[in-house]
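User: I would like to learn how to read the interface, the salt bridges and the cavities of a structure. Could you take me through them in turn?

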Amino acid sequence: KRARRPKPCSLRELELTVSELGLGYDSDETVLLRYCSGKCTAHRQNYDITMEHMTKTGFKKKGRKDKVSNGPCCRPTAYEKEFSFLDNKSRYHTIQNVSAKNCGCV
Amino acid sequence: MVLITLITLVFVLDVCDSELGSPGWREPLDCVRASELCNQNSQCSSRYRIMRQCLSGGDKERSAMLASKECQGALEVLQDSPLYDCRCKRGMKKELQCLQNYWSIHMGLTEDRDDAFRAFKRRYLNAEDVCRGTAETVDEEKEPEERQDQINVTGEHREDKASTYLIYSVYQRTWRSISARLNQPHPVSKASLSGRDIKPQHQYHADFQGGEEFYETSPYEPIHFSEEFRHASIISDSSLTKVSPCSEAGKPCNPCLDAAKACNLNETCKRLRSAYNSICSKAVPPQSSLANQEPCSRKRCQKALRQFFERVSWELSYPLLFCFCPDQACAERRRRTIVPSCSHQERHKPSCLELRHTCRSDALCRSRLADFHMNCQMTPHTVTSCPHDNYHGCLMSYVGLIGSDVTPNYSDSNPSNITISLWCSCRGTGSQEPECEAFHRDFTHNTCLKNAIQSFGYGSEGGTLLATEAPSTILPPAQPPVIS
């Protein structure tokens, strides 16, 4: 059996109520949350291979205890600027950078 | 018989008009194009320039200017130009310019009612004399109500769009002439108007205090009964037609929340809604003096609101504004849709006539108001009490007012009994109170508007939901200003 190829980093969507965002707002309004998820294996550079090696043995040999991420991460490269909604007490709120607009392996 | 002759007249006139080479009624020119055409003609363009000068001054100067020989002469010439019949499209490119061109002629016309009447006669009755020999005219000597009936009978042939438009044009002009006559009531109309019930007298009384006409002709093209609109509102819950959208058992029901969801899931709607919400609820940092402190930037807020309603399709924006509400929380959400604390309310509550005056000094607001009066005017002759039973037209012209100086809104969060009002009052307006009340009642006690909003919320054509108001509430103030 061939191993399932991991999905590459991309933008995903989920419908949620504002309350479910965990930002402390109480509103039943539904929003579309866009987030980044997926593998970045295809984007590894020599830097990442070196870092992986260094965290395993290299740093120790040179007397360092640094921790370094050993590969590119799937993160938003841009956010949706602002979004506003009416809370359950009929007050308007505007929140920024809640939803991703673009994703990238960085 | 009357009906037949009127229709004959209408068609004869139309033929006549096209033979004379003036622009046909079916597709009126837009006023930007019309002024271009006028400028190509040396006589027309010079008169047009004069006319614009006539209108340039303040209120008092203007009426003096308009009465002058020069301005009257210019107006005479312009009434035979393409500018006289031109109209604007909602949301067209250069809409503001178009509206300004429109009013540059029509302001002159409306300032002097007698003149408008003379123009009407000259253009539509004399032309007809010349062209045919037999067809009867709209009977000049009949009582206004009877004439109104004549016109309304013809209005029933609304399936035929072309003829509807034709009739509409005649209707507009006849209406103007009725108002003109009522301005100087002759014995017959005076007696007949004061004694009748049901007929909404203020539809005719169009009094003229302070040189302002009560109702003005809309510069916009008439809104036809849009089939698309009608179906969409039915389809939205086809199985539940004429049943409340909340009749589905077990599911929590809040159509206003559903509307917000639909908007949030659409990029344009979400972006523009967020834009006006954040502008309208952002407090302006207090200036050096405390007196300057404003809760928000009203002008920017209103502009953002206008953009929202202009650029977002009605399928997404109307449900936010006209959603059906089972409870108060929902109705409060509906009331807050346009962020009334910024766009609707003000610290100072002006008199409604002041508000109307402010609106009329702005071409866009003036046009939207005239359009509202044209499309949401209560009429006793239709089931829905809307002109031509056209809900779409009424809602569209209502939405057109949002973001103008006369931004209407729900006056409270009562879920079942909808009341719309402007931020103004008529208290202390003295002798002008009846006129003021009549103006505000077109919002607060408008059965057509109420029916249109409720019918939209239910996703049906209304039917059993028609608001039935006691006849007395349709009536204007007990003493119409016509009688003095």
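Predicted model: local features only at pLDDT ≥ 70, side-chain atom pairs only at ≥ 80, totals over all residues.

User: How many residues of chain B are in contact with chain A, and what area do the two chains bury between them?

Analyst: Contact means heavy atoms within 4.5 Å, and buried area is the accessible area (1.4 Å probe) that two parts lose on being put together, summed over both. Here 18 residues of chain B are in contact with 17 residues of chain A, and the two chains bury about 1,600 Å² between them, with 47% of it on carbon and sulfur atoms.

User: How many salt bridges are there between chain B and chain A?

Analyst: A salt bridge is a side-chain nitrogen of Lys or Arg within 4 Å of a carboxyl oxygen of Asp or Glu. The count between chain B and chain A is 5, and one of the salt bridges in the structure pairs B:Glu267 with A:Arg34, whose closest N and O atoms are 3.0 Å apart. On the side of chain B that touches chain A, α15 (267-280) is among the elements that give two or more residues, and α15(B) supplies the largest share, 7 residues; helices are DSSP runs of H or I with at least four residues, strands are runs of E with at least two, and both are numbered from the N terminus.

User: Which residue within chain A meets A:Arg34 in a salt bridge?

Analyst: The side chain of A:Arg34 also meets that of A:Glu13 in a salt bridge, at 3.0 Å from N to O. This pair links distant parts of the chain, 21 residues apart, with A:Arg34 in strand β2 and A:Glu13 in strand β1 (residues 10-17) of chain A.

User: How is a cavity found, and what volume does the largest cavity have?

Analyst: Rolling a probe the size of a water molecule over the atoms shows where empty space is left. On a 1 Å grid over the protein atoms alone, a cavity is a set of points where a 1.4 Å probe fits but cannot get out, and lining residues have an atom within 4 Å of a point. The structure holds 10 cavities of 30 Å³ or more, and the largest has a volume of about 130 Å³. Its lining has 14 residues, with A:Leu32, A:Glu80, A:Phe83, A:Val98 and A:Ser99 nearest the centre, and β2(A) gives the most, 3 residues.

Conventions: Residues numbered from 1 in each chain as written. Chains lettered and ligands numbered in written order. Heavy atoms only, no water. 1 Å grid on protein atoms, 1.4 Å probe; cavity = no way out; pocket = protein on both sides within 12 Å on 5 of 7 lines; lining within 4 Å. Points joined across faces, edges and corners; volume = space filled by probe spheres on them.
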